[in-house]
Amino acid sequence: MTSTEFAAQASGVSKGYGAGDTRVDALIDVSIEFRRGEFTAIMGPSGSGKSTLMHCLAGLDSADSGSVRIGETDLTGLSDKEMTKLRRDRIGFVFQSFNLVPTLTALENITLPLDIAGRKADQQWLDSVIDTLGLRDRLSHRPSELSGGQQQRVACARALAGQPEIIFGDEPTGNLDSRSSGEVLGILRRSVDQLGQTVVIVTHDPRAAAHADRVVFLADGRLVDELHSPTADSVLDHMKQLEAS
Ligand SMILES: Nc1ncnc2c1ncn2[C@@H]1O[C@H](COP(=O)(O)OP(=O)(O)OP(=O)(O)O)[C@@H](O)[C@H]1O
Ligand SMILES: [Mg+2]
């Protein structure tokens with residue numbers, strides 16, 4: 001099995017914050033692989049290390065020990081400059097705080113990462129992303145003129161536009177009503193099915209997790225369980241079992 005099968009992998013990753021009495025072990029020896037073209041949901045109680053894991057995988061934070069790879073690239077040895085370039089060229093992000101640029105229109109925000117990288121969008125793909133997310137008539141609006149849900153959809157479109165190797169979303173539907181949430185998850189699902197996109201999201205919502213191919217569960221900084229072909233009911237059952245154990 002070659003590493004190219006995986007869009008991302010963490011091997012023995014540990015990460016702590018603080019020292020002495022205030023020391024928190026946010027991740028303890030976490031090893032996990034993300035197969036290309038697979039949609040994974042990361043779940044677990046508040047404080048279990050989900051965001052920390054995602055930040056380490058995406059090169060936004062560094063592990064204390066262990067290694068992280070994006071494709072075949074080991075992040076450990078990269079300079080800040082190389083890391084910035086890797087994030088820009090190979091990773092798409094959708095975070096709960098949308099990080100849209102207030103002075104740019106929705107369309108300009110969507111194509112910003114591509115513009116910075118000097119790449120051109122595949123117009124057909126861009127059009128389908130914009131239409132599927134229902135943003136066609138909002139493209140000239142600035143973020144302040146958009147609802148929270150619309151801003152989140154712009155953030156999603158921005159992540160999808162460049163067809164990055166992997167998309168990371170930390171509670172990407174956390175602020176959305178169920179309809180917008182379903183739309184966003186639907187387009188992530190379609191990007192996996194139709195484009196072979198690799199997607200990893202953190203979510204607290206069993207219905208959101210049910211869009212994934214696989215759900216992994218974190219507890220107290222450790223990977224404790226994994227569920228394949230989840231349904232909202234099977235995810236909920238699993239969450240209850242984990243709480244009880
Ligand atoms: N910058 C930091 N400084 C100190 N402790 C931190 C920091 N970031 C996270 N932690 C701690 O590390 C642990 C894991 O945090 P993390 O944000 O990864 O949890 P999470 O699973 O994403 O939680 P939530 O569901 O609430 O977002 C928590 O105990 C948290 O308090
Ligand atoms: Mg979090």
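**View 1. The residue just after helix α4 is G134, with a positive phi of about 65°.** Helices here are DSSP runs of H or I with at least four residues, strands are runs of E with at least two, and both are numbered from the N terminus. This is a predicted model, in which local features need pLDDT of at least 70, side-chain atom pairs count only at pLDDT 80 or more, and totals for chains, interfaces and linings use all residues. Residues are numbered from 1 along each chain as its sequence is written, chains are lettered from A and ligands numbered from 1 in the order in which they are written, and side-chain values use heavy atoms, with hydrogens and water left out.

**View 2. Helix α4 (residues 123-132) has W125, L126, V129 and I130 buried.** Buried means under 20% relative accessible area, exposed over 50%, and partly exposed in between, with a 1.4 Å probe and protein chains only. Seen down the axis of α4, these buried residues line one face of the helix, because they fall within an arc of 130°. That arc is taken from the directions from the helix axis to the C-beta atoms. The cover over the buried residues of α4 includes α3 (106-117), α5 (148-161) and α6, where contact means heavy atoms within 4.5 Å.

**View 3. Here we visit A117, a residue of helix α3.** With a relative accessibility of 22%, A117 counts as partly exposed. Leaving aside neighbours within four places in sequence, A117 is in contact with R88 and D89. Ten residues along the chain from A117 is L107, and the C-alpha atoms of the two are 16 Å apart.

**View 4. In the loop between β2 (24-35) and β3 (39-43) you will find E38.** E38 is buried, at a relative accessible area of 13%. Not counting residues up to four places away in sequence, E38 touches V192, Q197, T198, V199, D213 and R214.

View 5. The structure holds zero disulfides, a disulfide being a pair of cysteine sulfur atoms within 2.5 Å.

**View 6. Confidence in the protein chain is lowest in helix α6 (residues 178-195) and highest in β3.** The means are 86 for α6 and 98 for β3, on the pLDDT scale, the predictor's confidence in each residue from 0 to 100. The protein chain has a mean pLDDT of 91, and 98% of its residues reach 70 or more.
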